Amino acid sequence: MNPLGIPHVFCINKGMSPWTEFTQENVSRVPDGILGLFQLSKGEANISFVGRADDDLRTRLAEHLGQGYTHFQWVQLPWTKETFEMHCRLYHHGGGNKKLDNVDHPYPPEGKLWRCPVSTTSPSLCDLT
Ligand SMILES: [Zn+2]
């Protein structure tokens, strides 16, 4: 277990970076122009936000600076479909919108009709937690 209470095996399985202090400087160390996912926490034992970048992970992360998050972790993924599906898994793993700051269930990228791999409903109807 790490200080945030996330089973270490989960981090290894998902290939996430270690939890890092969520500062401008640390965000600037994330590689430029990669696809991926990130999780933000407020220093508690819970993940507060699960985010995805279909274009540039560093830019997406930087958008959340100054919103009260203290730590972040991220993972690079090769394809947008894989990124979307893992976004759904992390979203449900994190407790869905009842627990996370995420307002909506993850949506697939513009123009794609991919479904949530966790739920059998379409993303807009999915309220699994
Ligand atoms: Zn879902």
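Me: How many bridges pair β2 and β4, and in which sense do they run?
Reply: In this predicted model, β2 and β4 are joined by six bridges, and the pairing is antiparallel. One of the residue pairs is Leu37 with Val75, the latter being the bridge partner in β4.

Me: What order do the strands take in the sheet?
Reply: The order is β1-β4-β2-β3, an open sheet of four strands with antiparallel pairing. Because β1 and β3 stand at the edges and have a single partner strand each, one side of each is left without a neighbour in the sheet.

Me: And which residues of β4 do Thr20 and Glu21 go with?
Reply: Thr20 has Phe72 as its bridge partner in β4, while Glu21 stands opposite His71 of that strand. Strand β1, residues 20-21, is joined to β4 by two bridges, and the two run antiparallel.

Me: Stepping back, what does the secondary structure of the chain come to?
Reply: The protein chain has five helices and four strands, and from the N terminus on the elements run α-β-α-β-β-α-β-α-α. Among contacts in the chain with a separation of 6 or more, 62% are between residues 24 or more positions apart.

Me: Okay, the core now. How many residues are in the largest nonpolar one, and which have the most contacts inside it?
Reply: The largest nonpolar core has 21 residues, and those with the most contacts inside it are Leu37, Phe38, Leu57, Leu61, Phe72 and Trp74. The elements that supply two or more residues to this core are β2 (36-41), β3 (47-53), α3 (57-62), β4 (71-76) and α4 (80-93), with α4 giving the largest share, five residues.

Me: What does Leu61 touch, leaving out residues up to four places away in sequence?
Reply: With those left out, Leu61 touches Val27, Val30, Phe38, Phe72 and Trp74. Of the 129 residues in the whole chain, 30% count as buried.

Me: Back to α4, then: which of its residues are buried, and what covers them?
Reply: The buried residues in α4 are Thr83, Phe84, Met86, His87, Cys88, Leu90, Tyr91 and His92, and what covers the buried residues of this helix includes β2, β3 and α5 (96-99).

Me: How far apart are the end C-alpha atoms of α4, and what span should its 14 residues have?
Reply: The end C-alpha atoms of α4 are 20 Å apart, which agrees with the 20 Å that its 14 residues should span at 1.5 Å a residue. After α4 comes Gly95, whose phi is positive, near 105°.

Me: One more topic: where does Leu35 lie, and why does it count as partly exposed?
Reply: Leu35 lies in the loop between α2 (24-27) and β2. It counts as partly exposed because it has 18 C-beta neighbours inside 10 Å, whereas a residue needs 20 or more to be buried.

Terms used
Residues numbered from 1 in each chain as written. Predicted model: local features only at pLDDT ≥ 70, side-chain atom pairs only at ≥ 80, totals over all residues. Core = buried A, V, L, I, M, F, W, Y, C linked by C-beta atoms within 7 Å. Buried ≥ 20, exposed ≤ 12 C-beta atoms within 10 Å, placed from the backbone. Contact = placed C-beta atoms within 7 Å. Expected span 1.5 Å × (residues − 1). Pairing = 2+ DSSP bridges.
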